[in-house]
Number of protein chains: 2
Amino acid sequence: MIVNDYYSEVNHGPYQLQDIGDLVLEEGGTIRACQLAFATYGKLNEAKDNAILITTWYSGTSKIMADVYVGPGRALDPAKYHIVIVNQIGNGLSSSPHNTAGPGGMARFPKVRIGDDVQAQHRLLTEHLGIERLALVTGGSMGAQQTYEWAVRFPDMVQRAAPIAGTARNTDHDFLYAETLNEAIWSDPGWRGGWYRSGADVAAGLRRQARLWAVMGWSTEFFKQEVWRGLGFSSLEDFTVNFMEGYFLPMDPNDLLCLAWKWQRGDVSRHTGGDLAAALGRIKAKTFVMPIDEDMFFPPRDCAAEQALIPNSELRVINSLGGHLALFGIEQAYKDQVDRHLAALLATPV
Amino acid sequence: MIVNDYYSEVNHGPYQLQDIGDLVLEEGGTIRACQLAFATYGKLNEAKDNAILITTWYSGTSKIMADVYVGPGRALDPAKYHIVIVNQIGNGLSSSPHNTAGPGGMARFPKVRIGDDVQAQHRLLTEHLGIERLALVTGGSMGAQQTYEWAVRFPDMVQRAAPIAGTARNTDHDFLYAETLNEAIWSDPGWRGGWYRSGADVAAGLRRQARLWAVMGWSTEFFKQEVWRGLGFSSLEDFTVNFMEGYFLPMDPNDLLCLAWKWQRGDVSRHTGGDLAAALGRIKAKTFVMPIDEDMFFPPRDCAAEQALIPNSELRVINSLGGHLALFGIEQAYKDQVDRHLAALLATPV
């Protein structure tokens, strides 16, 4: 367990914590008194048919999802919907390596899978928040993995699904990329096998990870057109240091490793003995598969191949020079496209 | 200076060495008694109009260029052409950090630019090989950078140019990517600021670099379709260890850093005060710009934008799931396309 003020309501609030009890994990471990951090917007109506679940991505928390995807007049409008944003396990707000007391914290935090998150979220929603049906599940990147897992695992509960910039079964290329992110941390002598005294001891590794994200997270055209200037940065180095490194530096290395391990192994076909078509064929939700055209590691063709296996689905490609990290919502045009697709999806009768 | 048997005729021969004298560099250093390693195929005809220069890429030597691009019945046929393949400075065969005696070797090897290579090659060709005119200059990646530099710097000497999978002015995205390769080495404690006793001391860093190449060097579809199986590998890990790591492990870290520094700063507009259009406008060579459609870091649109600035040029896109490393010639279809384009270029009167 380690003190890290980054993971607090000051930076990521408001959110609530719910103890959902012991969570026995697919890989055999147990998270005792598992805490889920979540934020809600709007109210559950009497018919209990207006609940929306939003999931979180690698390094992300409920706050960025609320800031970028939720708001009055938006597709995800708290005036119409009861929106629940759940922080995934390992993201630093919910139970995570850095905030779990020994002996099972830090480097000994158990291995968590996307399926474990969805089971935990299901417990939160059904046992604590009185939600039995979801009008929509949506999320980006690892949040898309959770969205797919929800739709496959609980097909009768999920009425609509919108996985953004992510896949149902992680690709080998993604596995390799995520591994380079891990290696950036592992190779820092300050990491000490996960037993550092402070995340700051691993600053060099976190900085390297940030630079790997710069290369793959945005698009080549993002740099060609110097889109970063519009974000208030004066040079390429200014952007990579003060945006990319600044973003990752305060994070906990073990938390990031926990998330990456989960990301690398996301695979809904675990439910069907490896048969992806069979797993995606189970989905009853009306599904919009929403890749980003310039995404370097979740390219639209990978998402399209999965969409083709989902019965009641459409491919809705988002155009953005941001690439994968368009997810951050740096462009109004990105948010407008997301809203247009989500509004159309929510308007579809089920 | 360090002993490294990898850089020998056993692995990279046959080649010859030529001392071209002291080479004063653009950045102010001098390579004393600069050695260029080169290989020739075919004979210079009496008219001296059949000379072709082939340049080398990051980590590559004359051998792979000969193996993949030259041969009887190929576009670059030694029966018709006098083909000279020159190893770039820093590649381990020509003067390089690892083979230069102190005090100016290893970490103190001077900074070299693409322009220095082209000056050195010009000296070799004109003063030692009796070549005054080049029917064609071609090369891939950093070899494309040298090709562009040749065409801009010596417009009256270069009749045809075929830069493959590379750019005339390096992009910011490429700079960032190359920097992550450098950081893989720099972050290895065994590197010791460049004063390691053996490249093997930097094995962990070289392995990380190899994995970064796996992610960006091939295409996402290369992994999706498991193209590596056709190369004789049994799993993703088998491929990354025994192909990618196996390729980089025997190399000299300082040599790679020397090459990357040069790659990051390749820019023909240095001749024209930063005006790329003016620099490319100088080219008199009939030029085929040949990007690879799946290239993750020299995307066709970057190459097309440069091609549009070259007076007598065409864009000839090569299709390959290999991505950038299709350059290695793992597919016959790639070689067939290259041959078709180069044959058409060589058949064009100038």
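In the predicted model, helix α5(B) passes helix α6(B) in a right-handed crossing. Helix α5 spans residues 172-186 of chain B, and helix α6 covers residues 203-217 of chain B. The two helices pack at an angle of about 155 degrees, and their axes lie 7 Å apart. Because angles over 145 degrees count as roughly antiparallel, α5(B) is described as roughly antiparallel to α6(B). On the side of α5(B), the contact involves B:Y177, B:T180, B:L181, B:A184 and B:I185. These residues meet B:G205, B:R208, B:Q209, B:L212 and B:M216 in α6(B).

In chain A, strand pairing was examined around strand β4, which consists of residues 35-41. Strand β1 (residues 16-19) of chain A pairs with β4(A) in the antiparallel sense, over four bridges. Within this pairing, A:L17 has A:A37 in β4(A) as its bridge partner. Strand β6 (residues 82-86) of chain A also pairs with β4(A), again in the antiparallel sense and over four bridges. Here A:Y41 stands opposite A:I83 in β6(A).

The relation between the two chains was then considered. Two copies of a chain are related by a rotation about an axis and a shift along it. For chain A and chain B, a rotation of 180 degrees with 0.0 Å of shift along its axis gives superposition with an RMSD of 0.0 Å. This is the relation of a two-fold axis. The same surface serves both copies, as 100% of the contact residues of chain A recur in chain B.

Key
Residues are numbered from 1 along each chain as its sequence is written. Chains are lettered from A and ligands numbered from 1 in the order in which they are written. This is a predicted model: local features need pLDDT of at least 70, side-chain atom pairs count only at pLDDT 80 or more; totals for chains, interfaces and linings use all residues. Axes are lines fitted to C-alpha atoms, for helices over the stretch in contact, and angles run from 0 to 180 degrees between N-to-C directions. Angles under 35 degrees count as roughly parallel, over 145 as roughly antiparallel, 65 to 115 as roughly perpendicular and the rest as oblique. A crossing is left-handed if the near helix is turned anticlockwise from the far one by less than a right angle, and right-handed if clockwise. Two residues are in contact if their C-beta atoms, placed from the backbone, lie within 7 Å. Two strands pair if DSSP finds at least two bridges between them. Copies are superposed by least squares on the C-alpha atoms of residues with pLDDT of at least 70 in both.
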